[in-house]
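Hi everyone, thanks for making time.

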Amino acid sequence: MSMHDDSLSQPANDIAGESVHVDGNVPDAQRYMRIAHIGQTRHTDVWRCVDRRLGRPVDMHVAKSPADDVATLAEARANGRLEHPAIAPVYDVGANEQGR
């Protein structure tokens, strides 16, 4: 497969007022496009984003500081194991270009 397979690309979608080109081959570092800062928790800033591979809106929690990285990862892993209608599912865990 080539680096850019047109069968995995779709026209731009309007998500959260933003025009987003959905591309199944987008690199990991560019997968999530931040739309707006929507809140915070004790350890994280919460951003409304768009998953550019799947073309869907998601909320992303980003550790506020390196000291919060361990707590943020532990919380994401714990929540990722839970299934309940009142708990938002965790679909992905990773680090950004700053390692957080």
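Where is alanine 88 found? Alanine 88 sits in the segment after helix 1; helices here are DSSP runs of H or I with at least four residues, numbered from the N terminus. Before I go on: this is a predicted model, where local features need pLDDT of at least 70 and side-chain atom pairs count only at pLDDT 80 or more, while totals for chains, interfaces and linings use all residues. Residues are numbered from 1 along each chain as its sequence is written, and side-chain values use heavy atoms, with hydrogens and water left out.

Is alanine 88 buried or exposed? Its relative accessible area is 59%, so alanine 88 is exposed: that word means over 50%, buried means under 20%, and partly exposed is in between, with a 1.4 Å probe and protein chains only. Alanine 88 is also 9.6 Å from aspartate 59, C-alpha to C-alpha, although 29 residues separate the two in sequence.

Now to helix 1 itself, residues 69-80, where we find leucine 73. Leucine 73 is partly exposed, at 30% relative accessible area.

Threonine 72 is in helix 1 too, but threonine 72 counts as buried, because its relative accessibility is 15%. What does threonine 72 touch, leaving aside its neighbours within four places in sequence? The residues in contact with threonine 72 are His43, Thr44 and Ala63, where contact means heavy atoms within 4.5 Å. And a polar atom of the threonine 72 side chain lies 2.8 Å from the backbone oxygen of aspartate 68.

How values were computed
Helix = DSSP H or I, 4+ residues; strand = E, 2+ residues; numbered from the N terminus. Polar contact = N/O pair within 3.5 Å; in protein donor to acceptor, adjacent residues only side chain to side chain.
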